[in-house]
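I opened my notebook to look up a few places in this model. My notes follow the order in which I looked.

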Amino acid sequence: MRISAYFGPVAALSLLGVLLAGAAAWAADELKVDQPAPDFSTLDSQGKVRHLADFRGKVVVLEWTNADCPFTRKHYESGNMQSLQSLARDHGVVWLSVISSAPGTQGYVDGRQADELTRTRNAVPTAVLLDPSGSVGRLYHAKTTPHMYVIDAKGELRYMGGIDSVATTDVSDIAKAEPYLKEALLAVVDGQPVAHPVTRPYGCSVKYASG
């Protein structure tokens, strides 16, 4: 069965409907780098409870994702996101993809659908976390898909922001962009300072439950 069969009709998107880096709702001081990352507990796509604290001693990447968002598709259809996931895996880094779309909103999937997306896109996250209530996303003030975070082995937040520096849906722009997430990941793995610890995320707004 094709992935599209799992989803209801998705309204056409325009760039006016996405949350870009300059949105007033984004605030750099909502979380602090070099401070303990907020702990959380949520189910993954296979029904296993995942706690951030379980990964203490390992570097962790959090990726907020929405398979129907054109900014997310830019990085998956190009293979860029999978390449970063493979790089993380090769360095012993835990990669957690987080889906905070509420039921009935763009990007919402259940566990089976999430696993099918992982398979068909050749993605290699450590786990896909399901956050339909939005509690984990709000804890991290995740604004966009993608929105990226790097947590070091001590459990401290070392990076938060965009996957790169060019806020478009154009695949050709990936090669031109400064790869913020990649740079931060490798710096944390090597025990080095992160050159740009806070950057502006770009993408579609996270489709949180209302209320």
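Which residue follows H2 with a positive phi? I found Gly92, with phi near 75°. I noted that I am reading a predicted model.

**Entry: helix H2**

I stayed with H2, residues 80-90. I listed its buried residues: Asn80, Met81, Gln82, Leu84, Gln85, Leu87 and Ala88. Then I looked up what covers them. The cover includes strand S3 (60-64), helix H1 (70-77), strand S4 (94-99) and H5. I also checked how H2 is placed. H2 lies across S3 and S4, and runs at about 140° to S4.

**Entry: the sheet**

I traced the strand order next. I read S5-S4-S3-S7-S8, an open sheet of five strands with mixed pairing. S5 (127-130) and S8 stand at the edges, and each has a single partner strand, so one side of each lacks a neighbour in the sheet. The twist averages 20° from one strand to the next. I then looked at S4 and S5. They run parallel and are joined by four bridges. Ile99 stands opposite Leu130 in S5.

**Entry: Asp164**

Where is Asp164? I found Asp164 in the loop between strand S8 (157-161) and helix H5 (180-189). Asp164 is buried but has no salt bridge. Why no salt bridge? The nearest side chain of opposite charge, Lys74, is 4.6 Å away, and a salt bridge has to be within 4 Å. I did find a polar contact: the side chains of Asp164 and Tyr202 meet at 2.7 Å. Beyond its neighbours within four places in sequence, Asp164 has contacts including His75, Ile174 and Tyr180.

Note on methods: Residues are numbered from 1 along each chain as its sequence is written. This is a predicted model: local features need pLDDT of at least 70, side-chain atom pairs count only at pLDDT 80 or more; totals for chains, interfaces and linings use all residues. Side-chain values use heavy atoms; hydrogens and water are left out. Helices (H or I, at least four residues) and strands (E, at least two) are DSSP runs, numbered from the N terminus. Buried means under 20% relative accessible area, exposed over 50%, partly exposed in between (1.4 Å probe, protein chains only). Lys and Arg count as positive and Asp and Glu as negative; His and the chain ends are not counted. A polar contact is a pair of N or O atoms within 3.5 Å; within protein, one must be able to donate a hydrogen and the other to accept it, and residues adjacent in sequence count only if both atoms are side-chain atoms. Contact means heavy atoms within 4.5 Å. Two strands pair if DSSP finds at least two bridges between them. Axes are lines fitted to C-alpha atoms, for helices over the stretch in contact, and angles run from 0 to 180 degrees between N-to-C directions.
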